[in-house]
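Here is a short report on one protein fold. It starts with the overall layout and ends with single residues.

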Amino acid sequence: AGGLEEMKELARRGDWERCSGVARRLGPDAVEQYVVLHTAAMVSARRFEDAVRVLKDHGTPPISAANVALYRQLARDLLGRGRSKTQQDGVWMAPVQDLRE
């Protein structure tokens, strides 16, 4: 449990690089928890593109009730922004485009 507590403390401080390292050391379940914590923190800070990057870099955790709420909020906030007038038709935010790869 010490590793999970360390991971949660690092997440609380926003030390995502060290938090990710601890999660990788603890295994796949901890990595999923790290991804959810980091994504949720980015969504809360309204850093939606960063939240998408976390999901792209580390994978999307399986669907659960808590994750669905997070994904729904992220999608609503991203899609609600629309695209800027300077973007070409058919071009969306770079991190969202990257998810299609």
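**Overall layout**

This is a predicted model. The protein has six helices and zero strands. Along the sequence, the pattern reads α-α-α-α-α-α. The protein has 101 residues, and 33% of them count as buried. Its accessible surface comes to about 6,500 Å². Carbon and sulfur atoms account for 50% of that surface. Sequence separation in the contacts can be stated too. Of the contacts between residues at least 6 apart in sequence, 41% join residues at least 24 apart.

**The nonpolar core**

Which residues touch the most other members of the largest nonpolar core? They are M7, C19, Y34 and L74, in a core of 22 residues. Helix α3 supplies the largest share, with six residues.

Setting aside residues up to four places away in sequence, L74 touches V43, F48, A51, V52 and L55.

**How α2 meets α3**

The axes of α2 and α3 lie 7 Å apart. The two helices pack at an angle of about 160°. An angle over 145 degrees counts as roughly antiparallel, and α2 and α3 are therefore roughly antiparallel to each other.

Which residues form this contact? From α2 come W16, C19, S20, A23, R24 and L26. From α3 come A30, V31, Y34, L37, H38, A41 and M42. By class, the contact has ten nonpolar, two polar and one charged residues. Two residues in this contact, C19 of α2 and Y34 of α3, are also among the core members that touch the most others.

**Two partly exposed helix residues**

V36 is found in helix α3, and H58 sits in helix α4. Is V36 buried, partly exposed or exposed? V36 counts as partly exposed because its relative accessibility is 25%, and the buried class is under 20% while the exposed class is over 50%. H58, at 33% relative accessibility, also counts as partly exposed.

Each of these residues has a C-alpha separation to a residue elsewhere along the chain, as tabulated here.

| Pair | Separation along the chain | C-alpha separation |
|---|---|---|
| V36 and A66 | 30 residues | 9.1 Å |
| H58 and S20 | 38 residues | 9.5 Å |

Leaving aside neighbours within four places in sequence, V36 is in contact with P61, N67 and L70. With residues up to four places away not counted, H58 touches S20, Y34 and V35. S20 and Y34 also belong to the α2 and α3 contact.

**A loop residue with positive phi**

R46 lies in the loop between α3 (28-44) and α4 (48-58). Where is phi of R46? It is near 60°, a positive value in a residue other than glycine. Is R46 buried or exposed? R46 has a relative accessible area of 58%. Exposed means over 50%, so R46 is exposed.

**In brief**

The predicted model has six helices and zero strands. Its largest nonpolar core has 22 residues, and α3 gives six of them. Helix α3 also packs against α2 at about 160°.

Methods
Residues numbered from 1 in each chain as written. Predicted model: local features only at pLDDT ≥ 70, side-chain atom pairs only at ≥ 80, totals over all residues. Heavy atoms only, no water. Helix = DSSP H or I, 4+ residues; strand = E, 2+ residues; numbered from the N terminus. Buried < 20%, exposed > 50% of the residue type's maximum accessible area, 1.4 Å probe, protein only. Contact = heavy atoms within 4.5 Å. Areas by Shrake-Rupley, 256 points an atom, 1.4 Å probe, with all protein chains shown as cover. Core = buried A, V, L, I, M, F, W, Y, C linked by side-chain atoms within 4.5 Å. Axes fitted to C-alpha atoms, helices over the stretch in contact; angles between N-to-C directions. Parallel < 35°, antiparallel > 145°, perpendicular 65-115°, else oblique. Nonpolar A, V, L, I, M, F, W, Y, C, P; charged D, E, K, R; others polar.
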